[in-house]
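Hi there,

Here is the structure I promised to pass on to you. Have a look at it first, and then read on for what turned up.

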Amino acid sequence: MKTVIVACGAGVATSTIISSNIEKLLTENKIEYRIIQCSIREVKGYQDQGDIIVSSMPLQGDYKIPTILGLPFITGIGIDELKSEILSYLNKED
Amino acid sequence: MGILKEIFNYISGLGSYVMIPLMITLVGLLVRLHPIKALKAGMTVGIGLISLNLVLGLIWTNISPVANLLVEKFGLKLTTIDTGWGAAAGLAFSTTVGSFIIPFILIVNILMLTLKLTNTVNIDIWNYWHYAFTGSVIYLLTHNIVYAFIGAAAHCIISLKIADYTAPKVQKELGIPGISIPQGFAVSTVPIFDLLDKFYDLFIPKSKKDNSDSKDKGKEIDSSKFGFLSVIAEPIFLGFIIGFLLALLVSYSIKDALNLGMEMAALMFLLPRATKILMEGLVPINEQARNYMQKKYNGQEFYIGLDSAVLLGVPTTVAVGLLLIPITLVLAMIIPTNTTLPVGDLASTAFFISMATVIHNRSFIKTLLSGTIMMSIVLCISSFFAPMITIFAKSGAAAMPEGALQVTALSAGNPIAFVFYQLNRLGIVGIALIIALTAGIVYFYSMKTKRETIKEDKGVVL
């Protein structure tokens, strides 16, 4: 079971689109997952429970788990690279 | 014509819980959604609206008495609750103007692109609520749907122009090429921060100015210095603390204060979730629109317009955003024209200064000063709009008790909406002025963008 933290400005709109894309991706790849959708201010509070953070904005500063920029799901540019990046983190170890 | 008007009157007479789903379904069909999907989208938006009103009920029943006591005891006229941008967005989308805003703004954007007046393809459809809001307050004032849509279009056009202008800076800041930020609030802050930046430079010695860029970045303040603030910045803690302290201030017992704290925490937790339902309803319409725009405009020469949230990871923005929480609360108490008790949008203070960080080259001091000034402006304007927003909220049929609080959102304290509203008091002259002003801004920023691009190009050659 993998936990993906999906964050955007308020944890409402943009992160919903990113989440639904990740759901599709992980289901297709038969990865068991759980998604925590939240606002950027809540990310640090959730990071202990997660495997990766996918956010709508570039995150700077210290995070305990890998952070990935999920913007391609919104802009449509570079989606394939983003998908394989996410999978590479989640397939690493069990 | 008569029959059309009667149909329209009948539909709007059904109340927004029925009218809005109908309108959204219609818009869904317009963007060629499957009828069932369109209906589901419409109903989901309606359900979001109902949830929003249920949550707002918390304010009216539990928080109103406290605010009344604040007036009685301290003469603190904080009679308006800031519900946060989510409620404002939901309410803006649920007006007559709001239900048609998505296709309308798309058309305006396409026109601007076709006329080569902008490079920005604004796919950040949720933030069309800012344009819906501007249009809706104009409609409330003038009852003229044409004026309302002119206002919304003008706000959108100004946003696209300012987005083009700030695009190079934003791309450099984030290291993401091909994006711009036409978010309706963020753009309204750009001219203000630009002016303030020039003003600050008057006080900075020239020698220092030359390498202020690198120096400021070296001094960048990490938000971890405000560890305590970043804990209470989590919406539920923020809500609890404000509720608890307010209750103590008006001498509630500890038991009642704890309860009010929990109710405020619930408000902070539930409002975004209620909004999320409404936004979920808009997802299919959003996707259709985005796919269409992406297919149509996918060349190198276009900027993809995104929410200002993409800037919220910048450390200066995070740090100043946290400091603005206590600053905004203090401002709310000392600004005489303010009636707003900041709550909901305290969770998103960073949004208000996202562009300041970019314009001030990440300078902490400048961003903090600009942020304080901006929040003062925002408090005054959101207090001004409180009666209008309360009317939008009431039309959802939620029972509002007598003498209850007004509602507003700091994020609705938009300077552009404010200026347009004031101009509309002049009737047709005001509309002419809005059009002239917009044309002037289009010209001004076209020139400015051109000049900056030439400067950039020269920089590369050298």
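A term to begin with: the bend at a residue is the angle between two axes, one fitted to the seven residues ending there and the other to the seven starting there. Helices (H or I, at least four residues) and strands (E, at least two) are DSSP runs, numbered from the N terminus. With that in hand, helix 3 of chain B bends by about 50° at B:Ile63, and B:Pro65, a proline, follows within four residues.

Before going further, please note that this is a predicted model, where local features need pLDDT of at least 70, side-chain atom pairs count only at pLDDT 80 or more, and totals for chains, interfaces and linings use all residues. Residues are numbered from 1 along each chain as its sequence is written, while chains are lettered from A and ligands numbered from 1 in the order in which they are written.

Back to helix 3 of chain B. How far apart are its end C-alpha atoms? They are 56 Å apart, which agrees with the 58 Å that the 40 residues (35-74) should span at 1.5 Å a residue; the expected span is 1.5 Å times one less than the number of residues. Just after this helix of chain B, B:Gly75 takes a positive phi of about 65°.

Chain B as a whole

Chain B has 20 helices and six strands. Its radius of gyration is 22 Å, close to the 23 Å of the globule rule for 462 residues, so chain B is as compact as a globular protein of that length. (The radius is taken over C-alpha atoms, and the rule is 2.2 Å times the number of residues to the power 0.38.) The C-alpha atoms of chain B fill a box of roughly 65 × 60 × 40 Å along the principal axes. Of its 462 residues, 52% count as buried, meaning that 20 or more other C-beta atoms, placed from the backbone, lie within 10 Å of a residue's own.

Three strands of chain B form an open sheet in the order 5-1-6, with parallel pairing; strands pair if DSSP finds at least two bridges between them. Its edge strands are strand 5 (340-341) and strand 6 (406-408) of chain B, each pairing on one side only. Strand 1 (residues 80-82) of chain B pairs with strand 6 of chain B over three bridges, and B:Thr80 has B:Gln406 as its bridge partner there.

Chain A

Chain A has four helices and four strands, and along the sequence they follow the pattern β-α-β-α-β-β-α-α. Its C-alpha atoms fill a box of roughly 30 × 30 × 20 Å along the principal axes, and 44% of the 94 residues of chain A count as buried. In strand 1 (residues 2-8) of chain A, five of seven residues are buried. That strand of chain A pairs in the parallel sense with strand 2 (residues 33-39) of chain A over seven bridges, and A:Val6 stands opposite A:Gln37.

Where the chains meet

How many residues does each chain bring to the contact? Chain B brings 29 residues and chain A brings 24 residues, where two residues are in contact if their C-beta atoms, placed from the backbone, lie within 7 Å. Helix 14 (residues 254-296) of chain B gives the most to the chain B side, with seven residues.

Best wishes

Technical notes:
Buried ≥ 20, exposed ≤ 12 C-beta atoms within 10 Å, placed from the backbone.
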